[in-house]
Amino acid sequence: MGRIWNFSAGPAVLPEEVLKEAADEMLDYQGSGMSVMEMSHRSKVYDKIIKDAEQDLRDLLEIPDNYKVLFLQGGAHLQFAAVPMNLMKNKVADYIVTGQWATRAWKEANKYGKANKIASSEDKTFSYIPDCSDLPIDENADYVYICENNTIYGTKFHELPNTKGKVLVSDVSSCFLSEPMDVTKYGLIYGGAQKNIGPAGVVIAIIREDLLTDEPLPGTPTICSYKVQADADSLYNTPPCYGIYICGKVFKWLKKRGGLQAMKEYNEKKAKILYDFLDESKMFKGTVAKKDRSLMNVPFVTGDPDLDAKFIKESTAAGFANLKGHRSVGGMRASIYNAMPIEGVEALVEFMKKFEAENTK
């Protein structure tokens, strides 16, 4: 069996040429006589890999010099705790809850101080982004937290909240590098790599230097201190070396494709094909308010759980993998990250048209 169309929400599809390059280098990385998987993270060869990866990421996002780039471990879930441990100096933070991961982050932050839920869209199953133009920001809040793209529910902040001067912290796991970002609008950006950038096991954090302090909250594990990690150039302990190497290859692939503006245009084109079909279909319906739709994750339903199940079974047999929606919402979800070619989305829409014709009485 060849490659299938993989619509998984994460770990997710990676660019084929990146995988082929990594396969070619698996036994001998550029004449070193060993695989990157076997290499000391303190070696000159690996030092170049991680430094090049950081520089390419800085180029792609135009990251200013007063921001540190960290390659970390523990997934976004560890960051749910690391953010308050490092930033909650007044023991107060404001959270905008727009999905399951923001909910978990908010619950975690409550262990370290008072995490206010200042806006939420749970009243309509997180199918929209609340108005964040005039929020009840706590004057003592150390930061305002968002999950920028909601993988499960398919919503995206197309406008950042008005934080009234407070530091903005954003989990960008499922929209990282899908379009340009103005890094200066954030104090801290972080994201797991396994959706849009690389294999599971790497988290990338971009943090403004003035937020790196010697004193995180008492009891903070040393490994969770952003300052310790930054001072050690992400080498405080053994980093996820192979994962970072793959991320570095993806950064080069993105540069070759024209950078993030070109990627945004490509992603908009891809998403339009699927959303246009959902808007005119009699059977399939998108579940998200139009103005808040994600370019990366597209949930949809037929309205009939049995028909949904039939669609998932038949689409899987036809070579479309991982279209089942998250267990908390059901239905279907197509994740169409950077590495999903436009041909995959076109093939999916053709299959959906055929399924609709065959199952309409």
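This is a predicted model: local features need pLDDT of at least 70, side-chain atom pairs count only at pLDDT 80 or more; totals for chains, interfaces and linings use all residues.
**Exercise 1. Determine which residues of helix α7 are buried, and what they pack against.**

Step 1. In α7, the buried residues are G259, L260, M263, Y266, N267, K270, A271, L274, Y275, F277 and L278; buried means under 20% relative accessible area, exposed over 50%, and partly exposed in between (1.4 Å probe, protein chains only). Helices (H or I, at least four residues) and strands (E, at least two) are DSSP runs, numbered from the N terminus.

Step 2. Residues are numbered from 1 along each chain as its sequence is written, and side-chain values use heavy atoms, with hydrogens and water left out.

Step 3. The partners of the buried α7 residues include the helices α2 (44–61), α6 (241–256) and α9 (342–358). The strands β11 (285–286), β12 (297–301) and β14 (332–335) are also packed against by these residues.

**Exercise 2. Compare the span of α7 with its expected span.**

Step 1. Helix α7 covers residues 259–280, which is 22 residues.

Step 2. The expected span of a helix is 1.5 Å times one less than its number of residues. For α7 the expected value is 32 Å.

Step 3. From its first C-alpha to its last, α7 reaches 32 Å, close to expectation.

**Exercise 3. Describe the salt bridges of D56 and the network to which D56 belongs.**

Step 1. A salt bridge is a side-chain nitrogen of Lys or Arg within 4 Å of a carboxyl oxygen of Asp or Glu. By this rule the count is 29 salt bridges.

Step 2. D56 is bridged to K252, with the closest N and O atoms 2.5 Å apart. This pair links distant parts of the chain, since D56 lies in helix α2 and K252 in helix α6, 196 residues apart.

Step 3. D56 also forms a salt bridge with K255 (2.7 Å, N to O). Here too distant parts of the chain are linked: K255 is in helix α6, 199 residues from D56 in helix α2.

Step 4. D56 counts as buried because its relative accessibility is 6%. K252, at 45%, counts as partly exposed, and so does K255, at 33%.

Step 5. D56, D59, K252 and K255 are linked in a network of salt bridges.

Terms used. Contact means heavy atoms within 4.5 Å.
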